[in-house]
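This report is meant for someone meeting the structure for the first time. Please look through the sequence and the model before reading on.

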Amino acid sequence: MLTAGDVLDPVPRRVLVGGVTGAGKTTLARRIGEILDLPHTEMDGLYHGAEWVPRPAFVEDVEAFTSQPAWVTEWQYTAVRGLLVSRADTLVWLDLPPRVTLSRVLRRTLIRRARGTVLWNGNVEPPLHTIFGNPDHILRWAWRTRRSMAERVLPLEREHPHLRIVRLRTSRDVARWIDTLTRSA
């Protein structure tokens, strides 16, 4: 497993960014796309249809963009995780502490709700009181899944030897890795 200071040679062309809710997957995926001139496809935008209903074409859309020679996206959604990892050459694992990820998802959710930010396909964050009745409310989901990523990532070294895995454990690691990637691009 690689770390923040390791140079990726060759430069990645099919990149996944994995991490728990609030880790910064989409932000980092966009940044990698900018640095390496890779098209970024946001998985949440493909998955969520109107009223948070999963889009029927989700898997087909993922198959289509991952058949291209270069891309970057977030490693999420059980229905496509295997497809994504089989086609990627690099997985950047944001393994940040729960105190960081949980505070980020709380702040992000509160800001989006207060501003009425329109997300994917017309969706907005639900009222905050729904955290009490909805077991899949994003804040409850973030708490429940805060330690789940290690169980998914660690076996990949053995199961997918073609995949380079870069583990970033702090925000400082992320910044250092971005600097290394920028110099090597």
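Does Arg183 count as buried or exposed? Arg183 counts as exposed, because its relative accessibility is 60% (buried means under 20% relative accessible area, exposed over 50%, and partly exposed in between, with a 1.4 Å probe and protein chains only).

## Basis of the description

This is a predicted model, in which local features need pLDDT of at least 70 and side-chain atom pairs count only at pLDDT 80 or more, while totals for chains, interfaces and linings use all residues. Residues are numbered from 1 along each chain as its sequence is written, and side-chain values use heavy atoms, with hydrogens and water left out.

## Salt bridges

Nine salt bridges are found when the whole structure is searched, a salt bridge being a side-chain nitrogen of Lys or Arg within 4 Å of a carboxyl oxygen of Asp or Glu. One of them joins Asp179 to Arg183, with the closest N and O atoms 2.3 Å apart. These two residues are separated by about one helical turn, because they stand four residues apart in helix α9 (residues 171-184); helices (H or I, at least four residues) and strands (E, at least two) are DSSP runs, numbered from the N terminus. Asp179 counts as partly exposed, at 41% relative accessibility.

Another pair lies in helix α1 (residues 25-36), where Arg31 and Glu34 are three residues apart, about one turn of the helix, and their side chains meet in a salt bridge at 3.3 Å, N to O. Arg31 is partly exposed at 36% relative accessibility, whereas Glu34, at 57%, counts as exposed. A salt bridge also links the side chains of Asp61 and Arg55, at 2.8 Å from N to O; Asp61 is partly exposed with a relative accessible area of 24%, and Arg55 is partly exposed at 25%.

## The largest pocket

The largest pocket has a volume of about 1,400 Å³. On a 1 Å grid over the protein atoms alone, a pocket is an open set of points where a 1.4 Å probe fits, with protein on both sides within 12 Å along at least five of seven lines, and lining residues have an atom within 4 Å of a point; grid points are joined across faces, edges and corners, and the volume is the space filled by probe spheres set on the points.

Its lining consists of 49 residues, of which Thr21, Asp44, Arg108, Ile138 and Trp141 lie nearest the centre. Among the elements that give two or more residues to this lining are α1, α2 (43-47) and α9, while α5 supplies the largest share, seven residues. The lining residues divide into 20 nonpolar, 15 polar and 14 charged, where Ala, Val, Leu, Ile, Met, Phe, Trp, Tyr, Cys and Pro count as nonpolar, Asp, Glu, Lys and Arg as charged, and the others, Gly among them, as polar.
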